[in-house]
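Open the model in your viewer and keep the selection tool at hand. The tour goes from one selection to the next and says what is there.

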Amino acid sequence: MDFDLSYILNHLGEDREDYLNSVAPPIFQTAMFASPTVEAMRLMIQNEQHQPFYTRGNNPTTNILRQKMAALEGTEDALVFASGSAAIAAAVMANVQAGEHIVAVQKPYSWTKKLLSTLLPRFGVEVTYIDGTEPANYEKAIQPNTKILFLESPNSWTYEQQDLEVVGKIAKAHNLVSIIDNSYATPLFQQPAKYGIDIMTHSATKYIAGHSDTVAGVLCASKEMTDKIFRGEFMTLGGIISPFNAWLLLRGLRTLEVRLERVSQTTAKVIEFLENHPRIEKIWYPYHAQNPQFELAQKQMKQGAGMFTIAIKAQDIAEVEAVCNALKRFLLAVSWGAYESLAFPACTLYGSPNYPSPDLGWNWVRICIGLEAPEVLIADFQQALAH
Ligand SMILES: *Cc1c(COP(=O)(O)O)cnc(C)c1O
């Protein structure tokens with residue numbers, strides 16, 4: 001990274017002299033950009049991926065975000081999408097074709113699993129899921145037609161990690177494209193490109209937007225890779241972000257560092273309280289001393305973020321429900337990574353046609369810590385766990 005963090009978040013990519021020196025960038029709410037001459041138009045078309053011409057391909061507000069995200073991940077370029085799922089789908093589909101094979105971690109994000117298990121097989125692509133905590137499993141699963149190693153480190157709910165250095169080397173040795181869902185750690189806490197991982201995807205809905213008001217996604221990679229994805233899946237599937245939502249993400253980025261710092265510290269305090277509580281059976285958190293992969297977390301992740309999972313000691317689901325219903329300062333909601341604390345009981349997924357066999361314990365609750373004072377959240381847990 002050539003720039004310091006605050007420069008990236010506050011200034012990089014913002015050509016203020018081009019827009020009346022406005023401090024906050026304008027929202028270029030336009031579908032296209034006109035050319036003064038035919039020759040100028042020809043040149044614009046030739047460089048469509050880097051220059052405003054048509055907003056499906058390129059927009060100046062979104063471009064600022066592309067530059068910042070690439071700098072944060074330490075890659076040459078980035079592309080921004082309407083959702084994290086769109087970014088993941090584009091990254092994967094751009095690098096595989098019929099008759100080829102993907103090796104993926106066994107418990108990726110639910111809609112990533114749908115892409116790999118249900119959509120891609122329709123087009124003749126096969127997937128093998130492995131326990132990614134053991135690098136040797138990658139070597140064992142690689143076939144002559146393997147093209148992609150798909151990682152999510154840590155994943156959500158159980159926070160399993162992959163050794164990025166080792167897996168990056170395996171990918172290079174076999175000439176495979178490595179893709180990681182880096183949503184949990186954000187580039188502030190983990191930069192997989194340092195270990196040779198090729199594509200970093202993000203659900204920017206989470207920490208990057210940070211305010212529970214936007215759904216968005218990003219992928220970061222080399223210029224060669226982003227150009228390839230731009231000409232293929234990005235322009236064809238067209239799952240782009242609106243200029244306004246790109247602007248909201250830029251606003252989210254301004255405070256990313258302070259939000260994460262606060263969340264990380266509060267989470268440590270809340271976990272310290274919970275780990276000694278008699279009604280907590282188990283805690284899953286990458287930066288927990290009892291995490292069997294704690295050493296790996298310390299090696300490749302700067303800090304722990306704000307999401308963890310607890311198993312509540314209870315007789316039945318009704319008791320888990322009573323505890324969750326008693327929480328006053330945690331909203332019962334999906335997603336994570338914003339200012340407000342959330343609780344997501346796994347039992348809510350049971351019986352949904354949209355999430356067949358969720359493979360999560362009935363007494364598990366996923367917690368996301370927001371920006372509230374730690375004492376407030378601890379007191380809320382204390383009273384709710386008494387139910
Ligand atoms: C939310 C999430 C996604 C999907 O992102 P959307 O922005 O909701 O499309 C992908 N991966 C992880 C780890 C997530 O938490």
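Some ground rules come before the next selection. This is a predicted model, in which local features need pLDDT of at least 70 and side-chain atom pairs count only at pLDDT 80 or more, while totals for chains, interfaces and linings use all residues. Residues are numbered from 1 along each chain as its sequence is written, and side-chain values use heavy atoms, with hydrogens and water left out.

**Stop 1: the ligand**

Helices (H or I, at least four residues) and strands (E, at least two) are DSSP runs, numbered from the N terminus.

Now look for polar contacts, pairs of N or O atoms within 3.5 Å. On serine 85, pick the backbone: an N or O atom there lies 2.9 Å from an oxygen atom of the ligand. On serine 203, a polar side-chain atom lies 2.9 Å from an oxygen atom of the ligand. On lysine 206, the distance from a polar side-chain atom to an oxygen atom of the ligand is 2.7 Å. The protein covers 90% of the 380 Å² of accessible area that the ligand has on its own (Shrake-Rupley method, 1.4 Å probe).

**Stop 2: the largest pocket**

Hide the ligand. The space taken by the ligand is the largest pocket; a molecule sits in a pocket if more than half of its atoms lie within 2 Å of its grid points. On a 1 Å grid over the protein atoms alone, a pocket is an open set with protein on both sides within 12 Å along at least five of seven lines, a cavity is a set of points where a 1.4 Å probe fits but cannot get out, and lining residues have an atom within 4 Å of a point.

The largest pocket has a volume of about 1000 Å³, where a volume is the space filled by probe spheres set on the points. Of its 42 lining residues, Pro108, Tyr109, Ser110, Trp111 and Tyr355 are the closest to its centre. Colour α5 (110–119), which supplies the largest share of the lining, 6 residues.

**Stop 3: the cavities**

How many cavities of 30 Å³ or more are there? The count comes to 3. Select its lining, including Thr55, Arg66, Phe234 and Ile241. Both α3 (60–73) and β1 (77–81) supply at least two residues of that lining.

The second largest cavity has about 40 Å³ of space. Among the residues that line it are Val105, Asp131 and Glu152. Its lining has 2 nonpolar, 5 polar and 4 charged residues.

**Stop 4: two spots in the backbone**

Most residues other than glycine have a negative phi, and most peptide bonds are trans. Select serine 153 and proline 154: a cis peptide bond joins them, with omega about -10°. Proline 154 is in the loop between β4 (146–152) and α7 (164–173). End at asparagine 21, where phi is positive, near 60°.

Note on methods: A polar contact is a pair of N or O atoms within 3.5 Å; within protein, one must be able to donate a hydrogen and the other to accept it, and residues adjacent in sequence count only if both atoms are side-chain atoms. Ala, Val, Leu, Ile, Met, Phe, Trp, Tyr, Cys and Pro count as nonpolar, Asp, Glu, Lys and Arg as charged, and the others, Gly among them, as polar.
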